[in-house]
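Here's a quick tour of a multi-chain model, one chain and one contact at a time. Have a look at the fold first, and then read on.

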Amino acid sequence: MSTAAGQLSELGQARVQPARAGAQQSRWSHLLYAAPFLFLYVTLLVYPLFAGFWLSLHKADFFGGSRFVGFENFVRLSNDNVFVGAIGNTFYFILLTVPALAIIGLGLALALNRTTRTAAFLRGVFFSSSVLSVTIVTLLWKVVFAPDGGFLANLFEAFGKQPVAFLSDADLALPAIAITTIWWCIGLPMMLFLAALQQVPRELYEAAALDNAGRWKTLWSVTLPSIRRTFALVVIIEVVLQFQLFGQAYLMTQGGPNNASRPLVLFIFEVGFTRWDVGYAVAAGQILFGLIAIAAMAQYFVARRKEAF
Amino acid sequence: MTTRLASGAVGLGDRVILAATIALAIVMVLPMLWAVGLSMKSNAELLVDTNSVLKAPWTLRNYYDILIGSGVFRWLLNSIIVSVGMSLGVLALSSLAGYGFARLEFPGRNVIFVLVLFGLAIPEQAVILVRHQLFSDLNLHNTYAGLMLPGMSAPFGVFLMTQYFKAIPTEVDEAAMLDNASRFKIFWRVLLPMTLPAQATLGIFTFLHAWNDYWWPLVSGTNEQMYTLTVGIASTQMNFAESAGLGYLMAQAVFAGLPILIVYMFFQKYIVRAVSGAAT
Amino acid sequence: MRRLLATLLGCVALASCGVHQAPNEIVVQRFFGTCKAEYGNRTDVENAEGECGIMTTLINEFSAQNPDVKVRVSPVAWPGYNQLAAQLASGDPPDLVTMHLSAISDYQSRKLLEPLGKDLRAAGVDPNGFTAASLASVSKQGEIYGLPIDNWAPLWHINMNYFRQAGLVKDGKPILPRSPEELLAQARQFKQATGKPYFVQALANERAAYSRNLYTLLMQQNVDFFADPQRVQLQSPEVKQVLEMFRQIYVEDLTTKNQDYAAATNGFINGAGGVYLVGTWMIGDFDAESRKLDRPLSSGYAVMPWPQLYGRDATFIDGHAWVMPAKDRTPQQRDAIFRLLKFVADNDFEWSRTGHLPAYQAVIESERFNALPHRSEIAKISSTGAPLPSDVQRQFPVQDIIGEEMAAAITGHKSVDAALADAEHRVNDLLFHLL
């Protein structure tokens, strides 16, 4: 693409020399286009990031006052069972949600990749949950999971069984939140896969049909390899997204029971706004940043290597 | 992609897949149906037994109570203002910056662009506490600007628009320059309209992100008049000494969710196209 | 181009819109729930029931009587401290906010609250009329930082109909245990006779209740767990005893399980068990419930302070007050604020109909207060009740930590020893690292 344009521009250069020269000239005034964004970017993203680095080396109170303590906050974090647990919870949560989102999303996309009205309607149903805001989602699912009069509880009782208290069981709390999240977020992966499926060249399918390939063979050898990049994209997007789990845990379980469902972001929120220990909270935020960056980069490199081009 | 049997009929496999998908769709809709059901029963009846959802009588009393007294309308308005405002702001800033990075030369352009890309990895939670302090010092809390600005500093939009502008052949620029159009005119009249699909994608993503945002509006829009929908609905959920009643809460949730669902239903085609556009 | 610029300027103007407070408008922020549907604009305080109803009608009546003042009420989810912290940090706090007595020193020590003494006296409110406990809780360094409205305590709310069935009523009064062993015995007896759990407790999504019950039972054992206000001592046999008792009750199904606060409250009303462990604020509601016919609590409600299970008769108490965050205000606003405070102070009796103990000596001693149902049974709390030592800081986060660990131990997610060790470690870490 770039080489073609380069060739063409060389052609054009002869004819429109004067204008071309003006365009190539590096001007400070051109910076004006990017300036508004850069201003916000530097003041609201870059500066707080570096200020955060600095602040994490202090002991600071939410309402003012700070004292330099070096790496003490990070040492404290490593000894903090709640923090370590929160990291574990976050990773566990990603394990619970991302594969499910990718696989179910792919399955739905495969099943609904047709032009019938039923398919269009069903696609709409599966995407509709994604437009609801997180606090509505938690409200809905709390009355589904509630052991007293919740939807599932009533269902259990109708079958003569004891209702299960999902949100108060340490083993079930995070999976329950995961189910809520999958329900909420399934639309995006499904749509991304649908778009990718529609980009698969028909010739590939026709060739497979000519070879009398069955449904599964086609899926395995034609469809899946063609959407590999999208699969990687979905996984990266969802990992970064679910690393930031907050609302569901805050409103459904408050991180309990026994720290079983406290994600990293809730920890940061509680330490900052409830315990007023700002330096400590920001230090935890730096660690979150580091983890996300590592996860994103790792996936990027793995995806890069797999593409043997 | 259906497999056609020799006879031309749709295979059994397809039927099973369809049935399974429909079953899954029903599971998807159940929580929403349950909430609607709860919203149509009196609080007193629900107090005794929530199974009463399945039995008459049903009532619209909760909806009436919301109409006369709930803050949900103000919350809805705030959410709309913030989401639309943030989306427009992001579109404007990202388009301008994208054009600048894609088409114009200025000192340090490439270095700056790479630095902007790095910003993609920064999660909001790593900067939110410092941002909060900054906004406190600047007196920006409890303003619409305070709720919109953080979202406009995210580099995703710039990245998207830069790629999109780069993909437009430079001949288009050159053709316009033959007419002696100024740089800005080329941007505004010629190139920008060509980026409509990207704009739609970016606009919708930003809108949904702003609509769903919880933590920042929670700590910045703390005045009840500035509650966005997420914060307002959340404020009804903590349940110590809460006296609003289950039916009322559910009606409020329905009220809060309905507008966006309706918008979604009408704009489904465009939303789908926009989201799919992100995959390519 | 001009149109573009005009639109741009218009947008910027809109964006910098925030919330404007009129010079005669005050913002009043409180927990206690929202009940707009039922109480809306009603001003008939005498007919209102419950914390939300009475507070709403009180403020409505004040607004009606003072048309020159605009009062904007902002109900927040309990306890509302995260939000208040954000508001204080942003320099835009409400004019009056409800605060627990135990939390006042946290904000006062950071100069976030304004002293009220002088203006209260000028408005006609005499701090010497507060009860001793209330006065002590709002006074810091010789100044008054809040207008107390009540003291509250954790109580035993009893379903007398079930108690009668279990043979635990004598001379019209409930039979209560006098030791942990007796508690278990009576609980078992209750379960056997009625098939219902003895206790109704909010065990899920709950932290405060656990800590308050613990504090009560430690005070009864004369354990000075905050002898050093910067260090808590929880790894002692007395503390372990209390946790093990609750654990035993849980294991033997002598309590309801998995209920959050709303479910437990509804559960008790619907007859889920014998004794609901919650505080003074429900007395009004439960009493009203007991006057209905054909309900589990019909003519069968009694309430008692925590029975004396150990050597000393004691109960943990806390209370509520209105505090004024530090902020620049117009003279009109200050005037409005103190007028409202005077009004609230004058109507403390109405507030006490919730079940909370009044903050004014005169009201406690008044006939009409003592004529309120069940008040005589809990009257002794005025002398047996005590808060945590006032120089213990961050009492709410401490309460959350202890409650979270207790919940883990009692529901079996952790051993009692591990829970106590972790609770002690976490609380001391929090207190040690305060700036």
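This is a predicted model: local features need pLDDT of at least 70, side-chain atom pairs count only at pLDDT 80 or more; totals for chains, interfaces and linings use all residues.

As for labels, residues are numbered from 1 along each chain as its sequence is written, while chains are lettered from A and ligands numbered from 1 in the order in which they are written.

How confident is the predictor about chain B? The average pLDDT (the predictor's confidence in each residue, from 0 to 100) is 84, and 92% of the residues score at least 70. Among its parts, helix H2 (residues 43-48) of chain B has the lowest confidence, with a mean of 79, and helix H7 (residues 144-152) of chain B the highest, at 94. Residues 1-9 of chain B have pLDDT below 50, and beyond near neighbours in sequence this stretch has nine contacts in the model. A contact here means that the C-beta atoms of two residues, placed from the backbone, lie within 7 Å.

Two chains split into domains, with bounds that come from an automatic or database domain assignment:

| Chain | Domain 1 | Domain 2 | Bounds from |
|---|---|---|---|
| Chain B | 12-64 | 70-235 | domain assignment |
| Chain C | 23-151 + 319-376 | 154-316 + 387-432 | domain assignment |

Taken over C-alpha atoms, the domain centres are 38 Å apart in chain B and 28 Å apart in chain C. Within chain C, the contact between the domains takes 18 residues from domain 1 and 16 residues from domain 2.

Now for chain B's partners. 77 of its residues are in contact with 84 residues of chain A. The chain B side of that contact divides into 53 nonpolar, 19 polar and five charged residues. (Ala, Val, Leu, Ile, Met, Phe, Trp, Tyr, Cys and Pro count as nonpolar, Asp, Glu, Lys and Arg as charged, and the others, Gly among them, as polar.) With chain C, the contact takes 32 residues from chain B and 34 residues from chain C. H2, helix H3 (61-69), helix H6 (128-137) and H7 of chain B each give two or more residues to it. By class, this side of chain B has 13 nonpolar, 16 polar and three charged residues.

Chain C brings in a sheet. Its six strands form an open sheet in the order S2-S1-S3-S14-S6-S15, with mixed pairing; two strands pair if DSSP finds at least two bridges between them. The edges are strand S2 (70-75) and strand S15 (357-358) of chain C, each pairing on one side only. Strand S6 (residues 147-152) and strand S14 (residues 318-323) of chain C are antiparallel over five bridges, and Trp152(C) has Asp318(C) as its bridge partner in S14(C).

Terms used:
Helices (H or I, at least four residues) and strands (E, at least two) are DSSP runs, numbered from the N terminus.
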